[in-house]
Amino acid sequence: MADTLASLRSLMASHSPPLDALVVPSEDYHQSEYVSDRDKRRAFVSGFTGSAGVALVTMKEALLWTDGRYFLQATQELSDQWKLMRIGEDPALEVWMADNLHSNASIGVDPWCISVETSQRWERAFTKKQQNIVLTSVNLVDQVWKDRPAAQVNPVVVHPLEFAGCSVTDKLSDLRDKLVQERARGIIFTALDEVAWLFNIRGSDVSYCPVVHSFAVVTQNLALLYVDKKKVSPEVNAYLAENGVEVREYATVATDVALLASDLLNSSTTQSGIQRNGSPNEADKVESDESVDLIWVDSASCCCALYAKLNPDKVIMKQSPLALSKALKNSAELEGLKKAHIRDGAAVVQYLVWLDNEMQDIYGASGYFLEEETKKMTEKQKKLTEVTVSDKLESFRASKEHFRGLSFPTISSVGSNAAIIHYSPRADTCAELDANKIYLFDSGAQYLDGTTDITRTVHFGKPSAHEKACYTAVLKGHIALGNARFPNGTNGHFLDILARIPLWNDGLDYRHGTGHGIGSYLNVHEGPHLISFRPRNVPLQASMTVTDEPGYYEDGNFGIRLENVLIIKEANTKFNFGDKGYLSFEHITWAPYQKKLIDLSILTREEVQWLNTYHSKCRDILAPYLDETEMAWLRRATEPVGA
């Protein structure tokens, strides 16, 4: 680490102009949350492996900003050469730079790895001391990363219409209507999941996310996909051409964006005689309208490298129209998500049955159902670790129809590790399971018909009264949010409090959001909506998906989280104040909550009724997917409880 920082500082000093600081973001060229191994520059520089964070290297200091999910993990992974900056508690990155770097300081960053929105926020902070953002011509980290992983050539695949639910032709037609409404003659897409969704393609360029490293440009006459052509088979190329999409080399996007800005972007597809979608006459009419001269970019995802090719006076900066279109699931996507979650729930139950038996046989645990002290075993024939059990969970999922891999690295955590919100176990350092400690697993899978994400917390020994009280408070918040009814126009920020009130009543809380959207065989974290203490003015709408995942984490002791995926639907209410219409949630995740961790005296009668109803549905829905032994276990796990 010391050599890496020294090499970076040497490059910073020799840069023209010399750099007083270098920012190393987590993001790749597409502002992705999860990135390929060769794009994990921040992890390489700092040693911190969490998915969110940003590093800052000055000539004398090295600082790492991350959010509450990763405070504990960062403390463990950062060397003493690094200082942890806690987002929400310490000054923000741009504030720290503005206050601590000298006047006229030069701050370097790779223009491909920073969004327009972020750079403009920095510029505003830097005005008081005339500090400057320097967009480097090369990535300095790449210059010192001698064993950087090579780029992989993974095939682009077509996502079948039966799962996508909407054709590329229809998606392009809808998109072009939006361009007309905004008086834009073109739009640039950089977010990988948006490109994949628009063209109904998938890939494996990023672990856990079925996306392809690609850009897209769409005008009334053109639909261009920028991707390494070696990834595109003749069959996929033909499919794209049939849908009016022309494939161009990934590296040519910058040149083409400059041509787009000059209104000189042409298509070889026209010259080859391939017909495009839509009416040529209507398209020509739009293109000839001189007032339609704007290029649409999403400032949150468009990188500075591409934005620099445009005339700022002719740019419309608004959220991508695909963000909401993608979030509003069509009927095929909703049906697929429900089916995927049923199969996934069966896998989770099979895992719990297996783990229950193993914990009793190997560790002398009282098991999932009984609250007794763990028996003392004279000798263990084998042991279970956080990694070996998570591998077993993956094997249950892998046996299910349409399985294509995990949707994120499984959080398999026992005892104090469960207090690390986004803990990622490693085979060489992970903990052995302990029947006397809480075990939390947060996991999900990618299926052709949907993406899943579920968290359950269990105890195979005798939980303490405190652990029960905390678990029950989390469960009460989980139920309260899932049962909410709210008017159209409500954003998730206003609902977040529902999941926290039972915890707040005991002076407890958690440092992460309560819910995120989830993709349809796409990214497990999907916007633009969320349920969080952080404001985001995106109303929740019917046919969106969102998670419900409150938690509580006690440093050095245990962690608790419960998570289901919900679909937002129209609600039937007695009245309809203001003719707004009302919404509610539908659970589509099916796996039991551990009854022995619940303090029933804390639950209301309505909460007990909800729990019994949910467990009854679990039995009915999962029965066709379980054998007799598994079903007998599930019946016992879901027996009704009394108020």
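**Close-up 1. The two faces of helix 21.** On the face turned away from the buried side of helix 21, you'll find the exposed residues E628 and T629. Exposed here means over 50% relative accessible area, buried means under 20%, and partly exposed is in between (1.4 Å probe, protein chains only). Bear in mind that this is a predicted model: local features need pLDDT of at least 70, side-chain atom pairs count only at pLDDT 80 or more, and totals for chains, interfaces and linings use all residues. Residues are numbered from 1 along each chain as its sequence is written, and side-chain values use heavy atoms, with hydrogens and water left out. Helix 21 spans residues 628-637, and its buried residues are E630, M631, W633, L634 and A637. They sit on the same side of helix 21 because they cover an arc of only 160 degrees around the axis; the arc is that of the directions from the helix axis to the C-beta atoms. As a rule, an α-helix has 3.6 residues a turn, so residues three or four places apart point the same way.

Close-up 2. The buried residues of helix 21 pack against helix 16 (331-363) and helix 20 (605-622); contact means heavy atoms within 4.5 Å. Helices (H or I, at least four residues) and strands (E, at least two) are DSSP runs, numbered from the N terminus. At the start of helix 21, a side-chain oxygen of D627 comes to within 3.1 Å of the backbone nitrogen of T629.

Close-up 3. Two strands count as paired if DSSP finds at least two bridges between them. Strand 1 (residues 21-25) and strand 5 (residues 106-109) pair in the parallel sense over 2 bridges, and A21 has I107 as its bridge partner in strand 5.

**Close-up 4. N200, tucked into a loop.** Look for N200 in the loop between helix 9 (192-199) and strand 9 (201-202). N200 is buried, with a relative accessible area of 3%. Leaving aside neighbours within four places in sequence, N200 is in contact with residues including V157, H159, C166, K171 and Y239.

Conventions:
Polar contact = N/O pair within 3.5 Å; in protein donor to acceptor, adjacent residues only side chain to side chain.
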